[in-house]
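Q: I would like to learn how to read the features of a model like this, going from one kind of feature to the next. Could you take me through them with the structure in view?

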Amino acid sequence: MQSNHTSLGPKADKETVRRHNLSLVLRAVRDEGEATRAGVAARVGLTRAAVSSLVEQLLDSGFLSESGKTFSGQAGRPGTVLKVTRAGPAGIGVEINIDYVSVCVVDLSGTDRVRLTEHLDNRGTAPAEVLARGARIAARTLDSAAEQGLSPVGVQLALPGLVAGGAVRQAPNLGWNQVPAEELFAGALAEAQPAVPPLPVRSENEANLAALAELWFGGLGGIRSFLYLSGEIGVGGALVLDGELLRGANGFAGEIGHVVVDAGGPLCRCGARGCLEQYAGQSALLRGAGLDENAGVPGVAELEALARSGDKRAIAAIGEAGRMLGRVLSGAVNLFDPDAVVLGGIYRSLMPWLSPPADGELTDRVVSGLWPHDSGRLRASSSAGDAARGAAALVVRAVLADPVAYAHRTSA
């Protein structure tokens, strides 16, 4: 008789349980900022003796540090203060976008310790050269990290477009198709730092990583379900439900920039017509305001300055983009019912003029009636919520989840 039960896998042995508990203790200290052994034991539900043993292993492996004494006001000896180490393991995030490359290093506490950003027009440049540019910037960042005693254990690439299996399947605004990004970047980084042991390289869509940064570091409070939009030359999107990123069957969920607003509209680089980014992307905004649509960051700064001065054409261009955003967002809100919509990238600085028309469309079109005017559910992203930081933090979270797997790197 065939069983319908799914295999539960092998039972946990002592080593597996200890690895899990090491992660539990390390994450507890990280979440508290600083803690005592007794405090950790109370939080995680283990005995003080068990926690002390786990703490000693984490101290020896370089994941925790201790200092001073803390007095709880209760009977007993004062405890030493535990913190995640400021040196040692870290993550490096590399965002390669259409007109810039941003690299950051994040330590175990989630603090952004090193940041380098270069504004480069990557359109029309061979993918291998663009990735080599990113690798050279990353190499300089790694040098700065080493000066602070940090040892990044992995690289996470944040890339625009459809990313799966280590490759960029399609990035219309870069003109990339089937680019083995992880392989090319890893090779370029090894060439830039031949004396350094190679780091593992992973890749993910940039909007997904920006959304995770917003979840982990932004000002969302208790909000755990939200739609994130990244406004750049393209328009990226990501959906977080109950604190988990929705990737879809193939990892391509969130491509809201290619939702069709008007089937007879302008031709998009993806091959379709009338996509949202043709109305609300950076180029469309600058063109609508009479500015150079290829001006990049300076152009967006000029657009914001014009809007602040009351320039009618600039305000109208931003307003039209806001209306188109609102129409598409209302469909997504009706479909997924998130608690909030977060606008990042260039949208963040344009919110005073972008938000009212977008919010108006949402109020008119969200069928639940749960989007009243000025509800506060449409909000700007935090300054902490960028893709490079999200990428670096994703590496760090892997360390926190299984410190034993990275102990050899920190003690080398």
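**Reading a predicted model**

A: Let us start at one residue, keeping in mind that this is a predicted model: F336 lies in helix α10, which covers residues 312–336.

Q: Of which surface patch is F336 a part, and which residues make it?
A: Together with L246 and L335, F336 makes a nonpolar surface patch of about 280 Å².

Q: Is L157 buried or exposed?
A: L157 is buried, as its relative accessible area is 0%, and this residue belongs to strand β6, residues 150–159. Its C-alpha atom is separated by 9.8 Å from that of L131, a residue 26 positions away along the chain.

Q: How do I read salt bridges, and how many does the structure hold?
A: The distance to look at is that between a side-chain nitrogen of Lys or Arg and a carboxyl oxygen of Asp or Glu, which has to be within 4 Å. By this criterion the structure holds 19 salt bridges. One of them joins D402 and R19, whose closest N and O atoms are 2.7 Å apart. D402 lies in the loop between α12 (387–401) and α13 (407–410), while R19 is in helix α1 (residues 14–32), so this pair ties together parts that are 383 residues apart in sequence. Both ends count as partly exposed, D402 at 22% relative accessibility and R19 at 27%.

Q: What parts does the salt bridge between D31 and R43 tie together?
A: The closest N and O atoms of D31 and R43 are 3.3 Å apart; D31 lies in helix α1 and R43 in helix α2 (residues 37–44), so the parts they tie together are 12 residues apart in sequence. D31 counts as partly exposed at 44% relative accessibility, and R43 does so at 45%.

Q: Where do K83 and E34 lie?
A: The side chains of K83 and E34 meet in a salt bridge with an N to O distance of 3.6 Å. K83 is in strand β2 (residues 79–84) and E34 in the loop between α1 and α2, so the pair links parts 49 residues apart in sequence. Salt bridges that share partners also join R30, D31, E32 and R43 into one network.

Q: How is a pocket read, and which residues lie nearest the centre of the largest one?
A: A reading can take the volume, then the lining. The largest pocket has a volume of about 570 Å³ and is lined by 26 residues, with Y100, E232, G345, I346 and D386 nearest its centre. The elements giving two or more residues to this lining are β5 (112–118), α6 (206–217), β11 (226–231) and α9 (296–308), and α9 gives the most, with 3 residues. By class, the lining has 8 nonpolar, 11 polar and 7 charged residues.

Note on methods. Residues are numbered from 1 along each chain as its sequence is written. This is a predicted model: local features need pLDDT of at least 70, side-chain atom pairs count only at pLDDT 80 or more; totals for chains, interfaces and linings use all residues. Side-chain values use heavy atoms; hydrogens and water are left out. On a 1 Å grid over the protein atoms alone, a cavity is a set of points where a 1.4 Å probe fits but cannot get out, and a pocket is an open set with protein on both sides within 12 Å along at least five of seven lines; lining residues have an atom within 4 Å of a point. Grid points are joined across faces, edges and corners, and a volume is the space filled by probe spheres set on the points. Helices (H or I, at least four residues) and strands (E, at least two) are DSSP runs, numbered from the N terminus. Ala, Val, Leu, Ile, Met, Phe, Trp, Tyr, Cys and Pro count as nonpolar, Asp, Glu, Lys and Arg as charged, and the others, Gly among them, as polar. Patches are made of residues with over 30% relative accessible area and no salt bridge: like charges are joined within 9 Å, nonpolar side chains (Val, Leu, Ile, Met, Phe, Trp, Tyr) within 5 Å. Accessible areas come from the Shrake-Rupley method with a 1.4 Å probe; for residues, only the protein chains shown count as cover. Buried means under 20% relative accessible area, exposed over 50%, partly exposed in between (1.4 Å probe, protein chains only).
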